[in-house]
Amino acid sequence: MARTNTNAELWKALSQFGMMDDSTAASKVNTTLSAAYAAGVSTIKIASAVGATALDYIRIGPSGVMEVAQLETNTTNPALVSKIAYAHASGETVKELTRTILGDLSDDGVQVEITADRTRIDAATRRHAYDHNINHTEYRVTVAMENLSDENVLTSLGIPESNRHGAGTAADPYVADATPANLDTINPVHFWCRGTLGNGNTVEVQMWDCRIDPSKSITFARGQDAPAQLVFNTQHIRWLNPVA
């Protein structure tokens, strides 16, 4: 049997990093689901196909059951490139997403840490643990980037341009400070990484419904050494070989 890629090799194949956010253009998809769906279906019905184009990326549903899908057809009964991951109710929002390239991944690539709430349950006698209750599970993703565009990051995250200052010189570089207050007020965002495997196949990882980690301020400054790091928590990771 042919050798398969390890997880580390697959993540290391990624070279470009970007984010997806709701499009604000009137000409883009902005509609609702016309029926309820269980997880695993690959065709949905929407109230309007205005603005829909094959291979557009869309957001389905609110935070918690939010997911990213890609249209295969541009009708009110569109086929999707992949099956939906969550159940959805009739009337949930369907909006087109704008994809923005933020930068190129450095050799440090992408690090994924999975944590969960574990509650020890002790036996009534002998005081030993006989079970653990696992509640919320969290994926933390750290991305190391080169050629990071601070303007793209700030615009995509909804951080005011007034936070960006400086004269653009070595002594007074352009600086944009994203403080915890800024990061606590933004909506969940969606990230993607894309790259090429050794066999030439294009691959993409999508991270949905993410929150930027507000534990410390992040500073983007022109002239700083790469890589810069962006840390965020995500609720769902999907790996795919995209059509385009």
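Me: A contact means heavy atoms within 4.5 Å of each other. With that in mind, what share of the contacts in the chain with a separation of 6 or more comes from residues 24 or more positions apart?

Reply: Such residues account for 68% of those contacts. One thing to know from the start is that this is a predicted model. The chain has 244 residues, of which 39% count as buried, and it contains three helices and 13 strands.

Me: What makes phenylalanine 17 and phenylalanine 191 an aromatic pair, and why is the pair called stacked?

Reply: Two cut-offs settle this. Ring centres must lie within 6.5 Å to pair, and planes under 30 degrees apart count as stacked. The structure holds two aromatic pairs. In this one, the centres of phenylalanine 17 and phenylalanine 191 are 5.3 Å apart and the angle between the planes is 15 degrees. Both values fall inside the limits, so the two rings pair and the pair is stacked.

Me: Where in the chain do phenylalanine 17 and phenylalanine 191 sit?

Reply: They come from distant parts: phenylalanine 17 belongs to strand β1 (residues 14–22) and phenylalanine 191 to strand β9 (residues 189–196), 174 residues apart.

Me: Why does phenylalanine 17 count as buried, and why does phenylalanine 191?

Reply: Buried means under 20% relative accessible area. Phenylalanine 17 has 0%, so it counts as buried. Phenylalanine 191 also has 0%, so the word buried applies there as well.

Me: How do you know which kind of pair tyrosine 86 and tryptophan 208 form?

Reply: Planes over 60 degrees apart count as edge-to-face. The planes of tyrosine 86 and tryptophan 208 stand at 70 degrees, with the ring centres 6.5 Å apart, so this pair is edge-to-face. Here too, distant parts of the chain are linked: tyrosine 86 is in the loop between β4 (67–70) and β5 (93–122), while tryptophan 208 is in strand β10 (residues 202–212), 122 residues apart.

Me: What makes arginine 99 count as lying over the face of tyrosine 57?

Reply: Arginine 99 is 4.0 Å from the ring centre of tyrosine 57 and lies over its face. Arginine 99 also lies over the face of tryptophan 192, at 4.3 Å from that ring centre. Both distances are within the 6 Å limit.

Me: Which residues does methionine 20 touch?

Reply: Leaving out residues up to four places away in sequence, the contacts of methionine 20 include Tyr57, Arg99, Phe191 and Trp192. Methionine 20 is in strand β1, and its relative accessible area of 0% is under the 20% cut-off, which means that methionine 20 is buried. Its C-alpha atom is 6.3 Å from that of threonine 100, 80 residues away along the chain.

Me: How many cavities of 30 Å³ or more are there, and what lines the largest cavity?

Reply: The count is one, and the largest cavity holds about 40 Å³ of space. Among its lining residues are Tyr57, Val68, Gln206 and Leu240. Strands β4 and β13 (236–240) each supply at least two lining residues, and β4 gives the most, with three.

Conventions
Residues numbered from 1 in each chain as written. Predicted model: local features only at pLDDT ≥ 70, side-chain atom pairs only at ≥ 80, totals over all residues. Heavy atoms only, no water. Helix = DSSP H or I, 4+ residues; strand = E, 2+ residues; numbered from the N terminus. Buried < 20%, exposed > 50% of the residue type's maximum accessible area, 1.4 Å probe, protein only. Phe/Tyr/Trp six-rings, centres within 6.5 Å; stacked < 30°, edge-to-face > 60°. Lys NZ or Arg CZ within 6 Å of the ring centre and 35° of its normal. 1 Å grid on protein atoms, 1.4 Å probe; cavity = no way out; pocket = protein on both sides within 12 Å on 5 of 7 lines; lining within 4 Å. Points joined across faces, edges and corners; volume = space filled by probe spheres on them.
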